[in-house]
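Try each task before you read its solution.

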Amino acid sequence: MIQVVFLAAKLQKPLLLEGPAGSGKTQLAISVAAAAGTHVERLQCYRGVTEDKAIGRFDEGLQRLYMEFSKGQHENWQTVQANLKGRDFFRPGPLMRALECESPCVLLIDELDKVDDGFEAMLLEILSAWQLSIPEFGTVAAKSIPFVVLTSNEERRLADPIRRRSLYLRVEHPAPEREAEIIASRTPKADQSFHREVAGIALSFRNYSLEKPPSVSEMIDFANALQLLGTDHVTAELRDVLLPFLAKTEKDRRHLLLREGFKSLLDDGARFAQGLGLHGGISS
């Protein structure tokens with residue numbers, strides 16, 4: 001994956017990350033920005049997001065103020081119009097801010113699968129020509145080429161034009177060995193058996209028929225909660241305290257409240273953790 005990120009940066013190609021929610025797609029963009037010493041311009045997609053939200057819009061309030069304070073100072077209406085449509089009155093969104101950066105930033109277009117085909121098509125100009133055509137304003141060309149990360153949780157299939165322009169990576173939840181390393185990086189004071197146990201529980205819960213399997217970040221929260229409780233081992237007696245970290249829907253909560261539901265998953269997690277121990281230690 002690191003090599004693909006390197007090639008995407010050198011070839012100035014967007015990186016398309018698809019996979020389940022909570023598998024670390026957004027974090028990859030944040031980590032690339034941190035490694036490069038730059039910042040993230042983030043467009044969070046949602047149903048009903050508009051081009052104004054993504055690109056920007058004219059500040060009508062500021063335009064009205066300008067009209068009030070400049071009465072009698074212009075020769076004709078054309079001059080007033082030209083001034084009102086200038087850059088000073090335009091409030092850029094994340095797409096335009098990314099193009100106007102003097103040095104490259106990371107442009108994160110998060111959860112693209114939540115928008116419709118029309119909004120997706122609007123992105124093709126910036127991903128192909130590194131410019132934006134804005135009505136009544138003109139064309140904004142990139143001062144620097146951002147490193148673009150597109151993410152999708154696969155609520156719908158993204159169109160082929162986006163795929164053709166991007167390098168594609170499938171991002172799944174990490175293997176238990178890798179997740180134990182991630183947990184270790186966030187809870188360095190705990191021992192290896194604790195990291196393996198949390199990773200085993202993560203695998204156990206994701207293998208169970210939950211509506212909303214726990215993400216990596218939720219397992220980090222879970223591990224930190226155990227540390228705050230002063231324990232390095234998960235027992236069935238902690239069920240009611242720990243369920244808010246692992247069960248995020250009422251259906252999942254009911255399943256895990258069954259007499260053997262939570263305990264059986266802990267037992268499965270312990271077996272997975274034991275398997276991790278048999279296959280070599282995890283460095284903390």
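A pocket here is an open set of grid points where a 1.4 Å probe fits, with protein on both sides within 12 Å along at least five of seven lines. Please keep in mind that the model is predicted.

**Exercise 1. Describe the largest pocket: what is its volume, and which element gives the most to its lining?**

Step 1. Start with the space itself: the volume of the largest pocket is about 960 Å³.

Step 2. Look at the centre. The lining has 32 residues, and the closest to the pocket's centre are Ser23, Gly24, Lys25, Gln27 and Leu28.

Step 3. Now place the lining on the fold. Two or more residues each come from helix 1 (2–11), helix 2 (25–36), strand 2 (40–44), helix 10 (176–186) and helix 12 (216–228). Helix 2 gives the most, with 6 residues.

**Exercise 2. Turn to the second largest pocket: which elements give two or more residues to its lining?**

Step 1. This pocket holds about 190 Å³ of space.

Step 2. Find its lining residues, including Glu51, Asp52, Ile55, Phe58, Ser133 and Ile134.

Step 3. Assign them to elements: helix 3 (51–55), strand 3 (56–58) and strand 6 (131–134) each give two or more.

Step 4. By class, the lining has 6 nonpolar, 2 polar and 4 charged residues.

**Exercise 3. Explore the largest nonpolar core: which residues touch the most other members?**

Step 1. The core has 33 residues, and Leu95, Ile109, Leu112, Ile126, Leu132 and Leu150 touch the most other members.

Step 2. Helix 6 supplies the largest share of this core, 4 residues.

Step 3. Zoom in on Leu132. Beyond its neighbours within four places in sequence, Leu132 is in contact with residues including Ile55, Leu95, Met96, Leu99 and Ile126.

Step 4. Another core, of 24 residues, lies apart from the largest one; among its members are Ile201, Leu210, Met219 and Leu256.

**Exercise 4. Classify the aromatic pair: why is the pair of Phe205 and Phe262 edge-to-face?**

Step 1. The whole structure contains 1 aromatic pair.

Step 2. The ring centres of Phe205 and Phe262 are 6.2 Å apart, and their planes meet at 75°. Planes over 60 degrees apart count as edge-to-face, so this pair is edge-to-face.

Technical notes
Residues numbered from 1 in each chain as written. Predicted model: local features only at pLDDT ≥ 70, side-chain atom pairs only at ≥ 80, totals over all residues. Heavy atoms only, no water. 1 Å grid on protein atoms, 1.4 Å probe; cavity = no way out; pocket = protein on both sides within 12 Å on 5 of 7 lines; lining within 4 Å. Points joined across faces, edges and corners; volume = space filled by probe spheres on them. Nonpolar A, V, L, I, M, F, W, Y, C, P; charged D, E, K, R; others polar. Core = buried A, V, L, I, M, F, W, Y, C linked by side-chain atoms within 4.5 Å. Buried < 20%, exposed > 50% of the residue type's maximum accessible area, 1.4 Å probe, protein only. Contact = heavy atoms within 4.5 Å. Phe/Tyr/Trp six-rings, centres within 6.5 Å; stacked < 30°, edge-to-face > 60°.
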